[in-house]
Amino acid sequence: MCALASFPRLYPDELLYSGLARYHIRSGNQSFRQTDLDLFGYSSQQACRVTLTNNLKGLVKQIAHISDYRVRLLMENHTLYPFYAAFLTPIETRKLESATIEKRSGSILEQARVDLDSTSDRRKHLKFCSLCLTAEIEQYGEPYWHRLHQIPGLIICTQHRILLLDSSVLIDSHGAHYHAASRENCLIDMEQSELSPDSLKHLLEIATDLVWLVNMRIDFRGMGWLRDRYIAELCKRGSVKKLLRGEFKFEEWELFQSFHDFYGEECLNWIEPRFVDTEGKYLIHCLFAGDLDPKIDRVAHILIIRYLFGSITNFSMSH
């Protein structure tokens with residue numbers, strides 16, 4: 001196999017997948033499979049190389065003679081590993097880290113405990129900010145996929161405070177694919193959605209929390225620990241009453257109505273429609289039974305944390 005002649009320098013907050021896709025274009029390769037062979041030494045059928053690129057050790061080895069990139073830097077700064085690791089125990093985090101770094105046959109999504117059911121239509125495509133795209137073309141001569149724009153539940157560009165738009169590039173297409181951001185797949189003349197000022201405020205605050213979660217670390221001790229913190233806060237509010245033998249009592253509808261009124265239906269439908277569609281059932285599941293679920297809906301828990309503690313920073317400092 002011939003050594004690579006070049007590899008793109010990653011832009012600020014560029015998703016690693018975006019850099020791989022820019023390499024694909026510059027290489028002149030006729031197939032995604034050939035690009036896979038160039039970059040990783042083998043062709044993968046993993047559906048998830050977009051936001052959680054695996055076998056980073058193999059990639060760094062392939063480009064070591066032309067690049068000073070290191071595995072840790074790529075994982076922490078150019079993939080969504082920090083987002084998914086934030087709601088995992090230390091043991092689970094090490095397993096996800098290993099699955100990201102090494103060449104593995106199993107699904108990295110399983111190690112991340114990703115809740116695929118939460119992927120609504122608004123989370124199926126790579127997202128972009130129209131103002132970021134225009135600025136990048138002017139500054140760099142080309143746009144690129146931002147890592148932060150791909151965080152599940154992040155609807156607003158925190159820099160420009162406008163709604164992100166869907167590109168035509170699917171996140172979870174099976175098999176290898178590399179599609180760089182372009183004017184052709186990022187159409188900015190599409191109709192913009194109108195949001196109420198309250199929804200816009202909530203969505204921006206949620207986006208800010210999600211970005212904080214990627215850049216910082218919380219002392220996470222497991223989903224059972226998280227449930228206990230929820231119950232303790234609800235008891236303080238009087239929304240839940242503890243009974244004998246560890247049981248508790250609450251009014252399901254009243255609790256949902258309070259949560260619904262806090263965010264508003266428009267905001268909830270943008271972020272996690274299941275909260276509205278199930279009329280409180282999904283909220284109660286996340287509050288009291290999330291530790292029994294093998295998958296973690298991180299966006300749902302960010303919403304609950306904001307509702308109960310005000311923000312993720314308040315939550316992280318209050319224990």
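I shall discuss a few helices and their packing.

This is a predicted model, in which local features need pLDDT of at least 70, side-chain atom pairs count only at pLDDT 80 or more, and totals for chains, interfaces and linings use all residues. Residues are numbered from 1 along each chain as its sequence is written, and side-chain values use heavy atoms, with hydrogens and water left out.

Let me start with helix 2, residues 32-40; helices here are DSSP runs of H or I with at least four residues, and strands are runs of E with at least two, numbered from the N terminus. Its buried residues (under 20% relative accessible area, 1.4 Å probe, protein chains only) are Thr35, Asp36, Leu37, Asp38, Leu39 and Phe40. Helix 1 (16-27) and helix 3 are among the elements that cover them. Just after helix 2, Gly41 has a positive phi of about 85°.

Next, the pair formed by helix 3 (residues 56-63) and helix 4 (residues 71-78): their axes, lines fitted to C-alpha atoms over the stretch in contact, come within 9 Å and cross at roughly 120°. Which residues in helix 3 meet helix 4? They are Leu56, Lys57, Leu59 and Val60, and their partners in helix 4 are Val71, Leu74 and Met75, with contact meaning heavy atoms within 4.5 Å.

Finally, helix 9 (residues 197-215) has 19 residues and reaches 27 Å from its first C-alpha to its last.

Terms used: The expected span of a helix is 1.5 Å times one less than its number of residues. Axes are lines fitted to C-alpha atoms, for helices over the stretch in contact, and angles run from 0 to 180 degrees between N-to-C directions. Buried means under 20% relative accessible area, exposed over 50%, partly exposed in between (1.4 Å probe, protein chains only).
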